[in-house]
Amino acid sequence: MNPDNIRIVLVNTSHPGNIGGVARAMKNMGLERLVLVAPKDYPSEQANWRAVSAIDVLESAVVVPTLDEAIQDCQFVVGTSARERRIPWPLLDARSCAERIASASSSEQVAVLFGREDRGLTNDELKVCNLHLNIPTAEAYSSLNLAMAVQIVAYELKMLSSATDSPTDEQEQWDTPFASMENMERFYVHLEEALTDIEFLDPAAPRQLMYRLRRLYSRVRLDEMELNILRGILTETQKWVQRGQDPESGGPYT
Ligand code: SAH
């Protein structure tokens, strides 16, 4: 496990006190990289006050306008959520998920996303994630305070970093680097375009197709080489469609 490769990403946080509380929870557990996506009220005295001796974590926090910018160089992204969702996604509890985060962090950039105090992460934000993490709670009230949710995840990571035998690293057992989120997003744009070209996807009635395909590829975790092969197939498919539509070309349908 390498804590330097793990960033905690807070999306659209409303209360600066929570940002300070998160910084403290992180430093207590040995995490230092905090990314704030469009915080509502920051910098703020209240954040500094709640951070106490973790002010350095706040000072080195990176503020970005969009989630894309927060995670584009990551190969592994985890979204935390208190809610049940309509479409199921690979979901683990905090302890099991910490193992996956710890093992990926040995050689990959990892982001753990935390949502807004009032409505968490949106479905669109959750669908960029490889895995979803849920902290088990009493049924009657499943939504934890933001900083407390970060505390629990950071604690589970701390327990793993203190353990003698570290979890096995998926990347170390693989020969090619896993694809970055930036390249995965480019792939999804290309895939959607090609599926539209071959009329498998009807943009007027897309249903849940792209959502389901994202879930498929997130579950598999493509490496850079596999991603390039798929992009090559899409490009060739598009060329065939083009040739078929052009009567001059002597394409496949002539
Ligand atoms: N009402 C919101 C909860 C927001 S709590 C919702 O339905 O999702 C703010 C953030 O704390 C959440 O977005 C999530 O990142 C984290 N969080 C709170 N409770 C959690 C739980 N039980 N499991 C995982 N994350 C949780």
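## The pocket and its ligand

A pocket is here an open set of grid points with protein on both sides within 12 Å along at least five of seven lines, and a molecule is said to sit in such a pocket if more than half of its atoms lie within 2 Å of the grid points. In this predicted model, the ligand sits in the largest pocket. The elements that give two or more residues to the shell around the ligand are β7 and α7.

The largest pocket has a volume of about 430 Å³, and its lining is made up of 23 residues, with Ser-81, Ala-82, Gly-120, Ser-143 and Leu-144 lying nearest the centre. At least two residues of this lining come from each of β7, which spans 131-134, and α7, which spans 146-162. By class, the lining of the largest pocket comprises eight nonpolar, 10 polar and five charged residues.

## Surroundings of the ligand

The ligand is surrounded by 20 residues, the closest of which are Thr-80, Gly-115, Ile-135, Ser-142 and Leu-144. When the shell around the ligand is divided by class, seven residues are nonpolar, eight are polar and five are charged.

## Backbone contacts and burial

A nitrogen atom of the ligand lies 2.9 Å from a backbone N or O atom of Ser-142, and an oxygen atom of the ligand is found 3.0 Å from a polar backbone atom of Gly-115. For Ser-81, a backbone N or O atom is 3.4 Å from a nitrogen atom of the ligand. Of the 540 Å² that the ligand exposes when taken alone, the protein buries 93%.

## The enclosed cavity

Helices α8 (181-197) and α9 (209-220) each supply at least two residues of the lining of the largest cavity, and α8 gives the most, with four residues. The lining of the largest cavity divides into nine nonpolar, three polar and four charged residues, whereas the lining of the largest pocket has eight nonpolar, 10 polar and five charged residues.

Key
Residues are numbered from 1 along each chain as its sequence is written. This is a predicted model: local features need pLDDT of at least 70, side-chain atom pairs count only at pLDDT 80 or more; totals for chains, interfaces and linings use all residues. Side-chain values use heavy atoms; hydrogens and water are left out. On a 1 Å grid over the protein atoms alone, a cavity is a set of points where a 1.4 Å probe fits but cannot get out, and a pocket is an open set with protein on both sides within 12 Å along at least five of seven lines; lining residues have an atom within 4 Å of a point. Grid points are joined across faces, edges and corners, and a volume is the space filled by probe spheres set on the points. Ala, Val, Leu, Ile, Met, Phe, Trp, Tyr, Cys and Pro count as nonpolar, Asp, Glu, Lys and Arg as charged, and the others, Gly among them, as polar. A residue is near a molecule or strand if one of its heavy atoms lies within 4 Å of it. A polar contact is a pair of N or O atoms within 3.5 Å; within protein, one must be able to donate a hydrogen and the other to accept it, and residues adjacent in sequence count only if both atoms are side-chain atoms. Accessible areas come from the Shrake-Rupley method with a 1.4 Å probe; for residues, only the protein chains shown count as cover.
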